[in-house]
Amino acid sequence: MQKLQGIAVSPGVAMGEALVMDNEGFRIPRRFVARDAVEHELERLDQAIRAAGEEIDANRQAVSRELGDQYGAVFSAHLQMLRDPALRIELDEMIRQRHYSPEYAVSRALRRYAKVFQSIESSYLAERVNDIFDIEKRLLRNLLGRRREELSQVISPVVVLAHNLTPSETANLNREFVRGFATEIGGPGSHTAIVAEGMEIPAVVGTGPFLTDVSGGDLVIIDGDLGLVILQPDEETIARYRHEAAEHVSRATQLEALKELPAETADGVRIELFGNIEFPHEVRHCVERGSDGIGLYRTEFLYLGAASEPDEAVHYEAYASVMNEMHDRPVIIRTCDLGADKVSHDAEETRNPTLGLRSIRLSLKNLPLFRVQLRALVRASALGDLRIMFPLISTLLELRQAKMVLADVMEDLDEEGVKFNHQLPVGMMVEVPAAVLMIDHFVDEVDFLSIGTNDLTQYTLAADRSNKDVAGLYSSADPAVLRLIRMAITAADLKQVPVNICGQMSGNSLYTLLLLGLGLRRLSVPPSTIPEIKMVCRTVTIPQCQRVADHVMTLENSRDIKNYLRDELKKVVPQLVS
Amino acid sequence: MANGTFSRTVVVTNPQGVHARPADMFVKLASQYESKIEVIKDGERVDGKSILAMLTLAAVEGTTLKLEGTGPDAEAAVAALAELVLRDFDENEPLTNK
């Protein structure tokens, strides 16, 4: 058993067979073979060893010819490893006695050697580790042949383990069979985190290297509550997690009872609970849990999953399906919030992407792309209560430009005789400290605000949440962040502009008392957290929350704030605090 | 011919130790003999005909290795293998050019 501590980014526990993704996208198929297939499987293994040997030998000859014999010698050692009799005996035993598939046996045996080499404090073996992986890949490629499978073709339940899932990989996943994610790098707000949240499956990121210690088909537990990844868990651990899973179900049933009840505080103040979604199909998760609307529909995946830039029809179809499912409930759709690198493949690499050309900046620089999205949004506004939100607004000028493009698009559609809501509300994300400092001006020019705590925290504290070395600085509960949030709420209240909060913070029940106490009456949260947040809302009174908020604002650091909030939450809803 | 066990102790003297190429040479030579060949380092005993096992020994320069052969041609095998180690796996010659 091996336990790894990472960052918990999506709650819950998943237990299942590992699907290990390396840079070639390998999936190692099921781990067992039927008893009567053993001889056939061994024959398959020998064929693969022979074929891999021929490949290596061909390489050796080519290199020797071009560079000289001493360079070819490296391949000679490779060949020796591939044909190592001790390895062959070990594989034979795994397949014959334990009925492992040749793929699984190869991966298991070679990774064990790699681990031994890695543990030896001598640099001369470091290179050998790569040799081992090279041989593993070569053998697997030969074993799998055309059966090599893509992630989209997964057909049995798995937990996905990867170095770092790219947005397009996650977008192309076969969701039906993925039970959880764990990645070596990444932080809260990484794409893996957002996708896992959207799929409502557990995820842990930023564990540090572990992929070399695991083979496809191994049993792995992903604990998205504690941020743990457990490789080859022992019986006791498995039993404990099974028990917890059963308890989890019973708590979910308890929360399920709240579905039909409004999010109303004990003293009768109605709180609007909205859901954050990534994909149109998640609307179902929101409706099922009785959400009052969609507070944040992220549209990035329209761009990421596709091979080419989505056209107006693709946009419209996605928006229309959400509008139709939500009927007349509000749907806030955020325009594209991507970095330049994600949209165009020939974009230059920038050294500091979070401070570079992204989000609304990219939209304003690439007007044809922006107009396509806006046209689809405006057209979809005929179907219900659609509201448009611009992300990452830093200056008044940016907001005005964006609104101008929107007005222009509306004018065009008017001329074309297309019906839409001429009064469709337009708002902005408050996630750049500069926007908060100028918020008294912004409130005169928008219909609503939405505070994005993830980016606001990162920009306020100048800390990248996915960088392990500075992630400790990153906390939405930092007093500086809370002051900015309070400033925004105060300015919005003065002009009676509705203000919403989205981001990790709003979906965490730890902060619910504080946020209500600061004056928020609309929270936009991941759908899975709606019942829990609703439970807190229904238990507390506004004066009680205000007292909590007043005290929090006197505290000097995020640790004290979190501890205090945990104690307060424990007093009101003890079952939510572990 | 009797099936005997022969052994000899040698010290690795080539600067890079038993890395991939020397291990390859050792295993190739060992495999030419019928006898079972084992290599022992600090009580750890591995198959001398397995390059992966040889590499796990991490025999760097100065390591003492005991070479043990069991079988009909054990004596000749151990002598030839010891010779290979003592010849620095034929690696010493290019070194003089450095």
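## Where the chains meet

Contact here means heavy atoms within 4.5 Å. In this predicted model, 18 residues of chain A are in contact with 19 residues of chain B. The area buried between chain A and chain B is about 1500 Å². Carbon and sulfur atoms give 71% of that area.

How many salt bridges join chain A and chain B? The count is zero. Polar contacts are found, however: six residue pairs across the interface of chain A and chain B. On the chain A side, helix 2 (69–82), helix 3 (85–96), helix 4 (102–119) and helix 5 (126–144) each supply at least two residues. Helix 2 of chain A gives the most, with five residues.

## Nonpolar cores

In soluble globular proteins, nonpolar side chains tend to be buried together. The largest nonpolar core here has 125 residues. Within that core, A:Phe181, A:Phe390, A:Leu449, A:Ile485 and A:Leu523 touch the most other members. Domain 1 (2–27 + 150–250) and domain 3 (257–576) of chain A each provide at least three of its residues.

Another core, of 62 residues, lies apart from the largest one. Its residues include A:Leu42, B:Phe26, B:Leu55 and B:Ala59.

## Salt bridges

Over all chains, the salt bridges number 40. One of them pairs A:Arg88 with A:Asp46, the closest N and O atoms being 2.7 Å apart. A:Arg88 lies in helix 3 of chain A and A:Asp46 in helix 1 (residues 38–67), so this bridge ties together parts 42 residues apart in sequence. A:Arg88 is partly exposed at 22% relative accessibility; A:Asp46 is partly exposed at 21%.

A:Asp292 and A:Arg270 meet in another bridge, at 2.8 Å from N to O. These two residues are 22 residues apart, each in a loop of chain A. A:Asp292 is buried, with a relative accessible area of 17%, while A:Arg270 is partly exposed at 38%. A further bridge joins A:Arg298 and A:Glu278, with closest N and O atoms 3.3 Å apart. Buried or exposed? Both A:Arg298 and A:Glu278 are buried.

A:Ser509 sits in the loop between strand 15 (499–502) and helix 20 (512–517) of chain A. Its relative accessibility is 4%, so A:Ser509 counts as buried. Beyond its neighbours within four places in sequence, A:Ser509 is in contact with A:Glu532, A:Ile533, A:Val536, A:Leu569 and A:Leu576.

A:Lys570 is in helix 23 (residues 558–572) of chain A. A:Lys570 is partly exposed, at 46% relative accessibility.

Conventions: Residues are numbered from 1 along each chain as its sequence is written. Chains are lettered from A and ligands numbered from 1 in the order in which they are written. This is a predicted model: local features need pLDDT of at least 70, side-chain atom pairs count only at pLDDT 80 or more; totals for chains, interfaces and linings use all residues. Side-chain values use heavy atoms; hydrogens and water are left out. A nonpolar core is a set of buried Ala, Val, Leu, Ile, Met, Phe, Trp, Tyr and Cys residues joined through side-chain atoms within 4.5 Å. Buried means under 20% relative accessible area, exposed over 50%, partly exposed in between (1.4 Å probe, protein chains only). Domain bounds come from an automatic or database domain assignment. Buried area is the accessible area (1.4 Å probe) that two parts lose on being put together, summed over both. A salt bridge is a side-chain nitrogen of Lys or Arg within 4 Å of a carboxyl oxygen of Asp or Glu. A polar contact is a pair of N or O atoms within 3.5 Å; within protein, one must be able to donate a hydrogen and the other to accept it, and residues adjacent in sequence count only if both atoms are side-chain atoms. Helices (H or I, at least four residues) and strands (E, at least two) are DSSP runs, numbered from the N terminus.
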